[in-house]
Amino acid sequence: MTKEECKDKINFLESELKALRSFTQKESEQHNKILTQSSKMAAMGEMIGNIAHQWRQPLMELSSILMEAEAKIRISKNLTYNQVLEMIDTSNQILKYMSNTIDDFRNFFATDKEKTKFKISEQIKRTVNILSSTLENKKIQIQIIIQSNPTIYGYQNEYSQVLINIISNAKDVLVQRGIENGIIKVKVYEKDGECITEIIDNAGGISEKYMDDIFKPFMTFEKKNGTGIGLFMSKLIVENNMNGRLSAKNVKNGAQFLIELPIF
Ligand SMILES: Nc1ncnc2c1ncn2[C@@H]1O[C@H](COP(=O)(O)OP(=O)(O)OP(=O)(O)O)[C@@H](O)[C@H]1O
Ligand SMILES: [Mg+2]
């Protein structure tokens, strides 16, 4: 091979190498793009799944209010002006909660969300109100015991979501196991500078064999339509977003859930 031919060959190989490099770089950029895109999609999917999960309860609540209104009009024909106003008011509260849920989950993935100060007992009452008509329908009694009313600094609606998940679970188990005189107690008190929300039911408790798994994602037991997201999501909210702890154990006739939060 002459010197000239050698140079030509080297030039040719260099240009091939350059083309190959730019091709692999493009490939890798493309690959990264797909990766970011799919992780965004996964996050979106997770967000939509969470919203759907969090909307199921209030949607059932709205439908039960409408059913009650219809029954009153059609059957007993005694729906009063004040009852209508009350139904509208409750429905508006539920809709507001649903709309907040979307904002919350958007914020969940944002880094610049804002915490606020809120009084724990007001938030509990507001939350229980969202569930009241379903609980009434299932003949489940709910008791709120406020021993202390501290101020919490955090995400108000997310705290409600946790409560809704825990109370709805208790309701589901009470219904599923056909427990009569079902009762759910929500108690708030202070201990060692922390605010404790205690939720106790009389549904017979969490099966010991499932105890270690109830906070893991997609772990659902003894349920027809469970997705297993509720407690996983709740733990994430309390422990990652609110600096607290969420735990569960069995007590005398049922399960006890503790939400422990720092006081502001
Ligand atoms: N109060 C309770 N008493 C007995 N078992 C419970 C109680 N709360 C939760 N569990 C058990 O923990 C499991 C996990 O609850 P989680 O809320 O994460 O999922 P799920 O309720 O099954 O489904 P989803 O909340 O997505 O509809 C439930 O399937 C149930 O077996
Ligand atoms: Mg649940």
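## Two loop residues with positive phi

Asn181 belongs to the loop that runs between H4 and strand S4 (183-191). The model is a predicted one. The phi angle of Asn181 is near 55 degrees, a positive value in a residue that is not glycine. With a relative accessible area of 67%, Asn181 is exposed.

Phe218 provides a further case, with phi near 65 degrees, again positive in a residue other than glycine. Phe218 is located in the loop between S5 and H5. Its relative accessibility is 61%, so Phe218 counts as exposed, the limit for that class being over 50%.

## Aromatic rings and a lysine

A pair of aromatic rings is described by how far apart the centres are and by the angle of the planes. Across the whole structure, a search finds three aromatic pairs. One of them joins Tyr210 and Phe221 in a stacked arrangement, with 3.9 Å from centre to centre and 5 degrees between the planes. Tyr210 is in the loop between strand S5 (194-201) and H5, and Phe221 is in the loop between S5 and H5, so the pair ties together parts that lie 11 residues apart in sequence.

Phe221 has a relative accessibility of 23% and therefore counts as partly exposed, a class that lies between the limits of 20% and 50%. Another ring, that of Phe215, has Lys235 over its face, at 4.6 Å from the ring centre.

## The contact of helices H4 and H5

Two packed helices are described by the angle between their axes and by the distance between those axes. For helix H4 (residues 156-176) and helix H5 (residues 230-241), the axes come within 9 Å and cross at roughly 145 degrees. The crossing of H4 and H5 is left-handed.

Which residues of H4 and H5 meet? On the H4 side they are Glu158, Gln161, Val162, Asn165, Ile166 and Asn169, and on the H5 side Gly230, Leu231, Ser234, Ile237, Val238 and Asn241. In the contact of H4 with H5, five residues are nonpolar, six are polar and one is charged.

Thr101 is placed in helix H2 (residues 81-108). Is Thr101 buried or exposed? Its relative accessibility is 0%, so Thr101 counts as buried, for which the value must be under 20%. When neighbours within four places in sequence are left aside, Thr101 is in contact with Gln54, Trp55, Asn157 and Gln161.

Arg126 is part of helix H3 (residues 120-137). Arg126 has a relative accessible area of 42% and is partly exposed. Along the chain, Arg126 and Tyr97 are 29 residues apart, while their C-alpha atoms are separated by 9.6 Å.

## Pro262 in strand S7

Strand S7 (residues 255-262) contains Pro262. Pro262 is partly exposed, at a relative accessible area of 34%.

How many residues apart in sequence are Pro262 and Glu194? The separation is 68 residues in sequence, and the two lie 4.9 Å apart in space, C-alpha to C-alpha. Beyond the neighbours within four places in sequence, Pro262 is in contact with Ile152, Met242, Asn243 and Gly244.

Conventions. Residues are numbered from 1 along each chain as its sequence is written. Chains are lettered from A and ligands numbered from 1 in the order in which they are written. This is a predicted model: local features need pLDDT of at least 70, side-chain atom pairs count only at pLDDT 80 or more; totals for chains, interfaces and linings use all residues. Side-chain values use heavy atoms; hydrogens and water are left out. Axes are lines fitted to C-alpha atoms, for helices over the stretch in contact, and angles run from 0 to 180 degrees between N-to-C directions. Helices (H or I, at least four residues) and strands (E, at least two) are DSSP runs, numbered from the N terminus. A crossing is left-handed if the near helix is turned anticlockwise from the far one by less than a right angle, and right-handed if clockwise. Contact means heavy atoms within 4.5 Å. Ala, Val, Leu, Ile, Met, Phe, Trp, Tyr, Cys and Pro count as nonpolar, Asp, Glu, Lys and Arg as charged, and the others, Gly among them, as polar. Rings of Phe, Tyr and Trp (its six-membered ring) pair if their centres lie within 6.5 Å; planes under 30 degrees apart count as stacked, over 60 as edge-to-face and the rest as tilted. Buried means under 20% relative accessible area, exposed over 50%, partly exposed in between (1.4 Å probe, protein chains only). A charge sits over a ring if NZ of Lys or CZ of Arg is within 6 Å of the ring centre and within 35 degrees of the ring normal.
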